[in-house]
Amino acid sequence: MTVRELSSALYDECGKCLDRFYEMREKDAVPDFYKDVKPYADYWHGKINEWQKESLLYIQQQRPKYVHKPTIDTAAEGMTQFFVQSFYKETSKKRFIQTIQAAQYTLQTFILAIDEKSAEND
């Protein structure tokens, strides 16, 4: 997967986390940690780590506007947390939503920066 494809996949998954959060609250459901949460978290935490490494490498090489190391690090940390929190109805709604919005904004900005750079190189 390219860094752009990873960014896009993570952006989509952020939306799914929000949907899951509302669904879990609506159903008043309690997930099975080992059956539901852990396999999901392990998979996506691997993708987040891969995205973080690839993104930082991309930033070093391409120097895009508006996207810097602290932004990437913050988004990765936020995603690591809310990908798991989305399973639990006890999660603070306001903070959860704000963290998702911040991560999506970073991902969207990064995707636009990648598209801009690739258009310049064509």
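**Close-up 1. Aromatic pairs in the predicted model.** In this predicted model, the count of aromatic pairs comes to 12. One of them joins Tyr58 and Phe110: the ring centres are 5.6 Å apart and the planes stand at 85°, so this pair is edge-to-face. Tyr58 belongs to helix H2 (residues 33-62) and Phe110 to helix H4, so the contact ties together parts that lie 52 residues apart in sequence. Both partners are worth a look for their surroundings too. Tyr58 is buried, with a relative accessible area of 14%, and Phe110 is also buried, at 0% relative accessibility.

Close-up 2. Ring pairs connect Phe21, Tyr22, Tyr40, Tyr43, Trp44, Phe82, Phe83, Phe87 and Phe96 into a cluster. Follow Arg20 here: this residue lies over the face of Tyr40, 4.3 Å from the ring centre. The charged end of Arg20 also sits over the ring of Phe87, at 4.4 Å from its centre.

**Close-up 3. The largest pocket and its lining.** This pocket has a volume of about 150 Å³. Helix H3 (69-85) and helix H4 (93-121) each supply at least two lining residues, and H3 gives the most, with seven.

Definitions and conventions:
Residues are numbered from 1 along each chain as its sequence is written. This is a predicted model: local features need pLDDT of at least 70, side-chain atom pairs count only at pLDDT 80 or more; totals for chains, interfaces and linings use all residues. Side-chain values use heavy atoms; hydrogens and water are left out. On a 1 Å grid over the protein atoms alone, a cavity is a set of points where a 1.4 Å probe fits but cannot get out, and a pocket is an open set with protein on both sides within 12 Å along at least five of seven lines; lining residues have an atom within 4 Å of a point. Grid points are joined across faces, edges and corners, and a volume is the space filled by probe spheres set on the points. Helices (H or I, at least four residues) and strands (E, at least two) are DSSP runs, numbered from the N terminus. Rings of Phe, Tyr and Trp (its six-membered ring) pair if their centres lie within 6.5 Å; planes under 30 degrees apart count as stacked, over 60 as edge-to-face and the rest as tilted. Buried means under 20% relative accessible area, exposed over 50%, partly exposed in between (1.4 Å probe, protein chains only). A charge sits over a ring if NZ of Lys or CZ of Arg is within 6 Å of the ring centre and within 35 degrees of the ring normal.
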